[in-house]
Amino acid sequence: MRLSRYFLPVLKETPSEARIVSHRYMLRAGMIKQSSAGIYSWLPLGFKVLKKIEKIVHEEQEKAGHIPMLMPTIQSADLWRESGRYDDYGDEMLRIKDRSGRDMLYGPTNEELITDIFRSHVSSYKDLPLTLYHIQWKFRDEVRPRFGVMRGREFYMKDGYNFDIDHDSAIHAYNRHMVSYLRSYERMGLKAIPMRADSGPIGGEDTHEFLVLAETGESEVFYDDRILDLSLGAEAVDYDNWDECSEVVKKWTSPYARTNETHDNALFDQVPQEHRKSSRGIEVGQIFYFGTKYSDAMGASVQNSNGEKVSVHMGSHGIGVSRLVGAIIEANHDEKGIIWPEEVTPFHCGLINLRQGDEQADLACQTIYDSLSSFGLEVLYDDRDERAGGKFSTMDLLGLPWRIIVGPRGLKNGVVEVGSRRTGQTEEVSVEEAVKKIIQIYQSI
Ligand code: ATP
Ligand code: MG
């Protein structure tokens, strides 16, 4: 993409309403625009990141055997009356009347809708286990929408629902979700810690939240810092293997890690003092096992192998896709701007032409642009007729992990500069080597 033809409304001034760094940088980098409190338009650059995160979530869910679908944003109140949550949900629910006076609502979550789909179509244990999910906009009329996309009213969420014949099978679904979530966050370049949590209005027996440590996080967290050494790495997990999944879960849930809602001082004191840490965290996901709560209330049952009718065991599992955009910035930035992890960067490489209109420089840029593009890499080419300083600071703010700088002086010596946004390290290499280096970096991911 040539910057001169893109829509990237970068702001020079720091917007006064933005109190945390991710919100400031998202506004300044032209990623979002507020349309009303807690409701945002995703401008082209922000939209690209949102889609990259969504893609990782889809890929990891499908690897775990979970099936994608799409449910509507607007739901009928009747289903929520069946589960008893229409009144319980309170003012966070946006209630709407259609032209015939029917009560509708903008879905804050989808347990009722999915249970209705399930009971309409599934009646035998032979169709289980089943996990369906979608990635769809949600609306919660939060008391205090703030911090940009971190606490919006309209937000983008992956929510998945498992249906299992019994408790053990549902616990395997829970474990599968935990593993696939850990994998997703890791791929986004994030360290998200599973923490024992409180089940809140969804209700349930077992639940973990996933938290990214950040000073600006809304949750207070307490943890054994040895959990930060854990990583799934490239290790493959067989999602059909109950023991293997449960081993991973055991490993990740053994070190003490809790939010203030479930924090237990006596247990925490058993962690060696040098490992006892408390800080703040951003909730980027949560998984729940809630047994037969919704299936009992809404009559979602199947025949078991003895021909008896039994309520299915369910769980629900959410990832805050739009919140993750902010959370990734909170965890990856410096005083100059964002530093995108390679997996979610809006463009793979920035290209700066120091002397637009110089025949050699224009030609070298075009060669780099075409070569990288033909490998499927996305380049943001700053081809504007602007001062070099302005181009550098824009690139720093946008935070593309790699950049190539092309100028007439370097070209005289046959070189361009390749630099890493994260380390600030640069090297001078030929045009061909620069292209090769960027391709190699992305091939290794
Ligand atoms: P919170 O405690 O932050 O209000 P929650 O526990 O009510 O969130 P869940 O129902 O667990 O939220 O939703 C799943 C995920 O959706 C959360 O882990 C979070 O990442 C994201 N999410 C929830 N509410 C919002 C919001 N208002 N804005 C952006 N993302 C949100
Ligand atoms: Mg939650």
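Residues are numbered from 1 along each chain as its sequence is written, and ligands are numbered from 1 in the order in which they are written. This is a predicted model, so local features need pLDDT of at least 70 and side-chain atom pairs count only at pLDDT 80 or more, with heavy atoms used for side-chain values and hydrogens and water left out.

**Exercise 1.** Find which residues coordinate the magnesium ion (ligand 2).

Step 1: look for donors, meaning N, O and S atoms within 2.8 Å of the metal (3.2 Å for Na, K and Ca); water is not among the atoms, so sites may look incomplete. Step 2: you'll land on Glu283 (OE) and Gln286 (OE1), at 1.9 to 2.2 Å.

**Exercise 2.** Work out how tyrosine 181 and tyrosine 185 are arranged as an aromatic pair.

Step 1: rings of Phe, Tyr and Trp (its six-membered ring) pair if their centres lie within 6.5 Å; planes under 30 degrees apart are stacked, over 60 edge-to-face, and the rest tilted. Step 2: here the centres are 6.3 Å apart with 85 degrees between the planes, making the pair edge-to-face. Step 3: both tyrosines sit in helix H6 (residues 167–187), 4 residues apart, about one turn of the helix; helices (H or I, at least four residues) are DSSP runs, numbered from the N terminus.

**Exercise 3.** Decide whether tyrosine 181 is buried or exposed.

Step 1: buried means under 20% relative accessible area, exposed over 50%, partly exposed in between (1.4 Å probe, protein chains only). Step 2: tyrosine 181 has 0%, so it's buried.

Terms used. Helices (H or I, at least four residues) and strands (E, at least two) are DSSP runs, numbered from the N terminus.
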